[in-house]
Amino acid sequence: MYYNEMFDGEQVREAYASLSDWVDHMPADFRQMKQAEAEALFRRIGITFAVYGEGGDPDRLIPFDMMPRVFTQNEWRRLERGIKQRAKALNAFLRDVYSRGEIVRAGRIPARLVYQNEAYEKAVVGFVPPRGVYSHIIGIDLVRTGRDDFFVLEDNCRTPSGVSYMLENREIMMRMFPELFRGNRIEPVDGYPELLRRTLESVAPKKCEGKPRVVILTPGHFNSAYYEHSFLANLMGIELVEGADLFVDGEFVFMRTTEGPKKVDVIYRRIDDAFIDPLTFRRDSMLGIPGLMDVYRSGGVSICSAPGAGVADDKAIYTFVPEMVRFYLGEEPILKNVDTWTLWKDEDYKYVMDNLPDLVVKEVHGSGGYGMLVGPRSTKEEIEKFRKLIEKNPNNYIAQPTLSLSTCPTFVEEGIAPRHVDLRPFCLCGERIELVPGGLTRVALKEGSLVVNSSQGGGVKDTWVLSE
Amino acid sequence: MLSRTASNLFWLGRHMERAETASRLFEVGARITLLPNTAEGYQNEWQSLLRASAASDLYHRSYDELSEENMERFMIFDRNNPSSVASCMYNARESGRIVRTALTSRVWDALNVAWQEMRGMDPGQEDAADLADMVARHASTVHGAIDGTQLRNDGFHFMKLGYALERADSTARVLDVKYFVLLPRVEFVGSGLDNYQWQVILRALSAHRSFHWAYGDDVSASRVAHFLILNGEAPRSLITSVNEALWHLDCLLRRYGEEVPHSARDRAQALADRFAALDIDEIFDEGLHEFLTDFIIEIGRIATCVQNDFFHGRG
């Protein structure tokens with residue numbers, strides 16, 4: 001009943017032919033040996049997912065599955081067009097709602113959802129960032145339910161993470177199984193850091209002269225994505241800074257160095273809006289840089305993603321993205337949304353409450369697989385508990401049908417078995433909109449589970465795009 | 001280089017060296033107690049060791065009795081003691097983790113492995129000599145990885161500067177232990193016991209053989225002191241440590257130019273000049289303990305200057 005990515009009926013699909021062969025001829029002990037080797041490599045290079053405050057090993061490894069997920073060139077081209085289209089529309093939407101708000105005036109999106117949105121940032125109304133780009137790195141989560149059926153599950157316009165896994169998974173696969181790469185023509189993903197650096201440099205502020213100095217701003221080494229932050233800084237050859245390393249002096253932002261202050265032009269921030277400037281946002285934040293927003297608004301520094309970009313990616317706005325594509329680009333959306341019921345509409349509310357056991361309900365602002373109800377996999381008590389939560393605050397929830405996520409063959413204890421997967425490609429928006437052929441495939445390692453988040457025990461796979 | 005990065009690299013060096021010092025001090029203590037000396041028994045050595053490492057108060061807050069077992073816990077495993085081997089290795093690894101982008105994978109690997117092994121050990125599992133060997137082995141691996149793989153850029157000089165200043169401090173403290181041990185019974189000076197203790201100090205600094213190569217057979221107070229203070233060939237001597245610190249500060253100055261503050265370099269230069277003119281009799285006339293105390297304070301001042309010159313970023 002689930003679409004298995006490896007098969008077309010009984011037939012192994014052409015794209016998976018050599019992998020199928022590889023698995024068939026693999027001795028069981030070889031697989032275990034390689035699995036251990038992969039783990040040692042991950043541990044050694046220090047790619048861990050730090051989970052603080054939850055007990056257990058603070059340097060937990062995300063399970064890595066050695067069986068890749070494969071896309072043909074044709075499949076990928078379509079996804080790529082769809083993702084770029086969506087990224088363009090999302091940025092157009094952001095530019096619009098921080099200026100004239102045409103889409104709201106035209107009655108295509110309810111004003112309340114935009115202007116009362118927690119992520120809507122009044123502090124940047126009227127300011128247009130360089131090249132009109134608000135969200136520079138967009139992680140779009142996709143699922144597949146059939147041969148030609150891809151759905152967007154979520155847009156991440158703020159600080160999507162996971163790209164380091166995309167790169168490291170490939171690195172480790174190439175190191176352990178070079179023969180697979182000789183036998184298949186797999187498009188490389190290692191151009192990503194270079195592309196990211198060019199993207200960031202291309203949105204340098206007006207006042208920047210000469211080559212822009214780009215930095216990554218991290219909340220620090222206790223953050224779960226700290227590894228990714230340092231990894232990207234390393235590959236781009238730029239500084240990884242914390243709030244306390246930066247300060248505002250006059251019209252510019254500087255970083256503290258051993259040779260004195262150095263001007264910073266572009267900040268790729270991996271901390272939330274609320275924390276970047278205690279003078280504008282949360283006063284108790286120790287992570288940010290006092291006065292940063294003034295410099296930003298006067299064109300002294302670029303912040304990626306732009307403060308306020310979050311208004312485009314919450315689950316309430318999500319339902320309107322196809323509308324944005326039509327409104328701003330005059331095109332039909334290439335990628336479909338998942339049918340979504342919004343509980344603040346009476347007819348939707350009624351339907352959802354009547355059908356809770358069949359639906360997936362999510363908090364509008366929730367993430368990481370928290371705050372959601374997976375109807376078909378929940379007990380009566382859990383469903384009733386959730387029903388009460390919804391009654392209290394229907395505005396806070398959306399519901400979707402339980403999707404028949406595709407499965408991909410995955411190495412498990414007993415051998416190889418289908419497990420559900422999703423995909424997060426990373427789209428870069430600067431002077432141009434680009435993405436590398438690939439993304440992060442997340443896999444639910446528990447049999448039958450549909451939750452692929454790493455914080456919920458999901459694993460990762462290498463993602464291949466085959467060239468013609 | 002980011003000031004915070006420089007600071008972490010500097011402390012990475014200091015903490016690795018400090019881990020080694022803690023284990024050396026513990027080994028000195030354990031060896032000295034192998035021979036009876038004073039009528040009061042063996043307590044005195046541990047006490048002197050705590051005094052030399054300025055950790056007496058901290059110790060007595062958590063432990064009642066002065067015993068080898070407790071001392072091992074305190075100096076090797078106790079994470080409440082900021083100078084214990086475990087604390088220092090943890091801190092060195094944390095500094096390393098924060099500045100991963102400035103380290104080669106070999107250095108990171110060595111730091112990580114050192115911490116993982118330390119974390120997996122329990123008190124009482126190894127004897128003092130084996131513990132010291134273990135710590136020295138990991139310290140050498142980290143140091144070797146730094147020397148063998150790091151670019152000779154400012155980051156390298158900050159790490160090595162941390163090592164050099166910490167080493168200066170540490171040798172002075174190990175020497176001071178000897179002073180405290182001797183303090184209660186002046187008549188021991190020059191006795192067989194006295195010489196035995198000097199030998200222990202040499203061993204603890206892995207300098208036993210080199211001393212004999214340099215000075216022949218006779219172990220005497222003034223020769224050992226000369227070796228550890230004024231011999232520019234002895235790798236852990238005060239003069240060597242000061243000169244190395246000065247060299248790294250000079251390299252930074254050449255790299256950054258005169259516009260960047262250089263109070264640390266100037267101070268280290270003054271100290272090195274003073275050392276060049278010293279002889280061992282002068283030191284004994286001044287009093288070894290007084291000399292060492294002054295020296296430790298001066299090293300602390302240089303470290304503060306390093307902080308002010310480089311780690312604030314002057315914003």
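Mentor: A salt bridge here is a side-chain nitrogen of Lys or Arg within 4 Å of a carboxyl oxygen of Asp or Glu. The model is predicted, with pLDDT of at least 70 needed for local features and 80 or more for side-chain atom pairs, while totals for chains, interfaces and linings use all residues. Residues are numbered from 1 along each chain as its sequence is written, chains are lettered from A and ligands numbered from 1 in the order in which they are written, and side-chain values use heavy atoms, without hydrogens and water.

Trainee: How many salt bridges are there between chain B and chain A?

Mentor: The count between these two chains is 2.

Trainee: Why is the pair E242(A) and R4(B) called a salt bridge?

Mentor: The N to O distance between their side chains is 3.1 Å. The limit is 4 Å, so the pair qualifies.

Trainee: Which elements of chain B supply at least two residues of the side that touches chain A?

Mentor: They are α1 (3–32), α5 (85–98), α6 (105–119), α8 (154–182) and α15 (288–311) of chain B. Helices are DSSP runs of H or I with at least four residues, and strands are runs of E with at least two, numbered from the N terminus. That side of chain B divides into 10 nonpolar, 7 polar and 9 charged residues.

Trainee: What makes up the contact between the chains?

Mentor: Chain B gives 26 residues and chain A gives 25, where contact means heavy atoms within 4.5 Å. About 2100 Å² is buried between them, with 43% of that area from carbon and sulfur atoms; buried area is the accessible area (1.4 Å probe) lost by both parts on being put together, summed over both.

Trainee: How many salt bridges are there over all chains?

Mentor: The count is 51. The pair of E242(A) and R4(B) crosses between chains, from the loop between β9 (239–241) and β10 (246–249) of chain A to helix α1 of chain B.

Trainee: What makes L249(B) a lining residue of the largest cavity?

Mentor: A cavity is a set of points on a 1 Å grid over the protein atoms alone where a 1.4 Å probe fits but cannot get out, and lining residues have an atom within 4 Å of a point. L249(B) is in the lining, so it has such an atom. Others in the lining include H262(B), R265(B) and D309(B).

Trainee: Which element gives the most to that lining?

Mentor: α12(B) does, with 3 residues.

Note on methods
Buried area = accessible area lost by both parts, 1.4 Å probe. Nonpolar A, V, L, I, M, F, W, Y, C, P; charged D, E, K, R; others polar. 1 Å grid on protein atoms, 1.4 Å probe; cavity = no way out; pocket = protein on both sides within 12 Å on 5 of 7 lines; lining within 4 Å.
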